[in-house]
Amino acid sequence: MSDPADVAASRRKPTTLLRLAQMHREREKIAVLTCYDASFARLMDEAGVDALLVGDSLGMVVQGRTDTLPVTTEEIAYHTACVARGNHGAWVIADMPFGSYHASTEQSIANACRLFQAGAQMVKLEGAWAAPTIRALTDRGMPVCAHLGFTPQTVHALGGYRVQGRDSDGAALLRRQAHEVVEAGAQMLVLELVPSTLARELTAELPIPTIGIGAGRDCSGQVLVMHDMLGVTPGKLPRFVRRFVEGSADVREAVQRFVRDVKNGAYPDESLHGY
Ligand code: KIV
């Protein structure tokens, strides 16, 4: 007899790039969580999460490091393969880690290919400086998600975890960068620690979905690190994080509540913006 969970997952139509673009156009919110293994991939997929991000945040929440910089392409590939095995219908995004797209276009293409072969459907790159690489990858049929605002791989250059684009020069720079990555072919954009008004304007003017984290409620969708929303991460969390596990019977319900609250606009509320 087949497992009811398998049946539920197999009934779900797989999320595609076209569907994500349609969700952005029709203002249907996109729910994204980070994910690093097959069991959580299956649970999140069944709970209706639209996209699973194999983030280099795994360096911190899985490997216990202080930042994302030591994570390698092979490590992301390993976790992407695990996620792809457990997943059925969610869109799978893999982070290109620090150093994997910095040296040359050839290096970037080879590393991106490794992640697609592991099961990624899109790769994520931080920074507008990577626009030529975004062009090279999308020209070769590899969808790219750009990541602007606070970019963890450049934490040292940015002087710590700070909201980006606060003043008018910063906002103008971020707007230019957003248009640059779209021009280069990016099909999704993560906005991290960006003022909510700027994120709202960018979401309205860009033709691609924006996924916010600490960027207010008006992005096309929201992403959280799973360990944060499940209350596993110790210590003080950024203000924008909601611990969905609180008040939920179990992990499955916490993930279902995240999906529901993102979809109906109950998460985040304005007070949860910023750091
Ligand atoms: O690595 C990651 O988990 C991320 C999200 C925080 C957006 O990039």
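Visitor: What makes you say that both faces of β4 are covered?
Guide: This is a predicted model, and the accessible areas are computed from it. Buried means under 20% relative accessible area. On one side of β4, Met122, Lys124 and Glu126 are buried. Of the 5 residues of β4, 5 are buried. Side chains in a regular strand alternate between the two faces of the sheet.

Visitor: How do you know that β3 and β4 pair?
Guide: Pairing takes at least two bridges between two strands. β3 and β4 have 3 bridges, in the parallel sense. In one of them, isoleucine 93 has methionine 122 of β4 as its bridge partner. The chain gets from β3 to β4 through α6, in a right-handed β-α-β crossover.

Visitor: Which strand pairs with β4 over 4 bridges?
Guide: Strand β5, residues 144-149, in the parallel sense. Here lysine 124 stands opposite cysteine 145 of β5.

Visitor: Why is the unit of β4, α7 and β5 called right-handed?
Guide: Look with the strands pointing away from you. The path from the first strand over the helix to the second must run clockwise. β4, α7 and β5 make a unit of that right-handed kind.

Visitor: What about β2? How is β2 joined to β3?
Guide: By 4 bridges, with the strands running parallel. Two would be enough to count as a pair. Leucine 52 has its bridge partner in β3, valine 92. β2 spans residues 51-54, and both of its faces are covered. Ala51 and Leu53 are buried on one side, Leu52 and Val54 on the other.

Visitor: How many bridges link β1 and β2?
Guide: There are 3, again parallel. Valine 32 is partnered with alanine 51 in β2. Between these strands the chain passes through helix α3, residues 38-46, and this crossover is right-handed.

Visitor: What do the strands build together?
Guide: A closed barrel of 8 strands, in the order β1-β2-β3-β4-β5-β6-β7-β8, with parallel pairing. From one strand to the next, the twist averages 25°.

Visitor: Which residues does isoleucine 213 touch, leaving aside its neighbours within four places in sequence?
Guide: Val190, Leu191, Glu192, Leu193, Val223, Leu224 and Phe240. Contact here means heavy atoms within 4.5 Å. Isoleucine 213 sits in strand β7, residues 210-213. Its C-alpha atom is 7.5 Å from that of valine 190, 23 residues apart along the chain.

Visitor: Is isoleucine 213 buried or exposed?
Guide: Buried. Its relative accessible area is 11%, and the cut-off is under 20%.

Visitor: How many aromatic pairs does the structure hold?
Guide: The structure holds 5. In one of them, the ring centres of tyrosine 101 and tryptophan 129 are 5.4 Å apart. Centres within 6.5 Å make a pair.

Visitor: Why is the pair of tyrosine 101 and tryptophan 129 called stacked?
Guide: Their planes lie at 5°. Planes under 30 degrees apart count as stacked, so this pair is stacked.

Visitor: What does the pair tie together?
Guide: Parts that are 28 residues apart in sequence. Tyrosine 101 is in the loop between β3 and α6, and tryptophan 129 is in the loop between β4 and α7. Tyrosine 101 is buried at 2% relative accessibility. Tryptophan 129, at 45%, is partly exposed.

Visitor: Why are phenylalanine 258 and tyrosine 267 called tilted?
Guide: Their ring centres are 6.3 Å apart and their planes are at 55°. Under 30 degrees would be stacked, and over 60 edge-to-face. With Phe244, they form one aromatic cluster.

Visitor: How do you know that cysteine 35 is in no disulfide?
Guide: The sulfur atoms would have to be within 2.5 Å. For cysteine 35, the nearest cysteine sulfur is that of cysteine 82, 9.6 Å away. Cysteine 35 is also buried, at 0% relative accessibility.

Visitor: What about cysteine 145?
Guide: Its closest cysteine sulfur, in cysteine 219, is 12 Å away, too far for a bond. Cysteine 145 is buried at 1%. The disulfide count comes to 0.

Notes
Residues are numbered from 1 along each chain as its sequence is written. This is a predicted model: local features need pLDDT of at least 70, side-chain atom pairs count only at pLDDT 80 or more; totals for chains, interfaces and linings use all residues. Side-chain values use heavy atoms; hydrogens and water are left out. Helices (H or I, at least four residues) and strands (E, at least two) are DSSP runs, numbered from the N terminus. Buried means under 20% relative accessible area, exposed over 50%, partly exposed in between (1.4 Å probe, protein chains only). Rings of Phe, Tyr and Trp (its six-membered ring) pair if their centres lie within 6.5 Å; planes under 30 degrees apart count as stacked, over 60 as edge-to-face and the rest as tilted. Axes are lines fitted to C-alpha atoms, for helices over the stretch in contact, and angles run from 0 to 180 degrees between N-to-C directions.
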